[in-house]
Amino acid sequence: MSVKRSKSAIFSPERGSPLKIPAGQDPLQHSFTETLPTEMSVRIFSELDVRSLCRASLTCRHWNDIIEGSDQLWRSHCLTALAVCRREVDGDRLAGCSWKVTLVRNYRKGCVKRRWLKGRYSNIRSADDIPPNSMCPLDVETWGEILEAELDR
């Protein structure tokens, strides 16, 4: 895409209209979120993984406002393997939780579940051997999956 630069606007032939930049300000000194429509910024942020998305939200207030205000960004991550089970996600949604809250609530559970399924805790013989942050409330289906994986080992 070719971009023509002028004092007051950046012109994109594909968009067909200039992006307005306040007079006297260099367009290259602005964040893309200040020059692009919010929908385009959300599309760019949607390419980030969860960790990068969280880090991007710390960059500046404007980025944080866009990222925190877009349920769409968190929904796709929440519906991937990061969530523990569909029932918990559905329960959070019925309770009116945002997708980000649902992701945060279920992310730790998902990490614990994956560690158990990979056999990371297979050698535990007593409660004293359980490492910190390796337990959390999980549903019956999840514990069933973990038990099956342990029996297969």
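Predicted model: local features only at pLDDT ≥ 70, side-chain atom pairs only at ≥ 80, totals over all residues.
Which residue forms a salt bridge with E145?

Residues are numbered from 1 along each chain as its sequence is written, and side-chain values use heavy atoms, with hydrogens and water left out.

Start with the overall layout. The protein chain has 8 helices and 3 strands. Both kinds of element are DSSP runs, numbered from the N terminus: helices are H or I with at least four residues, strands are E with at least two. Read from the N terminus, the order is β-β-β-α-α-α-α-α-α-α-α.

Now the surface. The chain has 153 residues, and 34% of them count as buried. Buried means under 20% relative accessible area, exposed means over 50%, and partly exposed lies in between, using a 1.4 Å probe and protein chains only. The chain exposes about 10200 Å², with carbon and sulfur atoms supplying 54% of that area. Those areas come from the Shrake-Rupley method with a 1.4 Å probe; for residues, only the protein chains shown count as cover.

Back to the opening question. E145 forms a salt bridge with K113, and their closest N and O atoms are 3.4 Å apart. The pair links distant parts of the chain: E145 sits in helix α8 (residues 140-152), K113 in helix α7 (residues 99-117), 32 residues apart. Why can such side chains pair? Side chains of opposite charge can do so when their charged atoms come close. Our cut-off is a side-chain nitrogen of Lys or Arg within 4 Å of a carboxyl oxygen of Asp or Glu. K113 is buried at 12% relative accessible area. E145 is partly exposed at 36%.

How many salt bridges does the structure hold? It holds 4. One of them joins E47 and R43, with the closest N and O atoms 2.3 Å apart. E47 is exposed, at 56% relative accessible area. R43 is partly exposed, at 48%. Another brings together R153 and E150, at 3.1 Å from N to O. Both partners are partly exposed: R153 at 46%, E150 at 23%.

Helix α2 (residues 38-45) and helix α4 (residues 61-68) have axes 10 Å apart, at an angle of about 80°. Axes are lines fitted to C-alpha atoms, for helices over the stretch in contact, and angles run from 0 to 180 degrees between N-to-C directions. So α2 and α4 are roughly perpendicular, a label for angles of 65 to 115 degrees. Which residues meet? From α2 come T38, S41, V42 and F45; from α4 come W63, I66 and I67. They divide into 5 nonpolar, 2 polar and no charged. Nonpolar covers Ala, Val, Leu, Ile, Met, Phe, Trp, Tyr, Cys and Pro; charged covers Asp, Glu, Lys and Arg; the others, Gly among them, are polar.

One more residue belongs in this picture. T33 is found in helix α1 (residues 32-35). Is T33 buried or exposed? T33 is buried, at 4% relative accessible area. Leaving out residues up to four places away in sequence, T33 touches S41, F45, H62, W63 and I66. Touching, or contact, means heavy atoms within 4.5 Å.

Last stop: R87, in helix α6 (residues 86-94). R87 counts as exposed, at 51% relative accessibility. Its C-alpha atom is 9.1 Å from that of D139, 52 residues apart along the chain.

Notes
Parallel < 35°, antiparallel > 145°, perpendicular 65-115°, else oblique.
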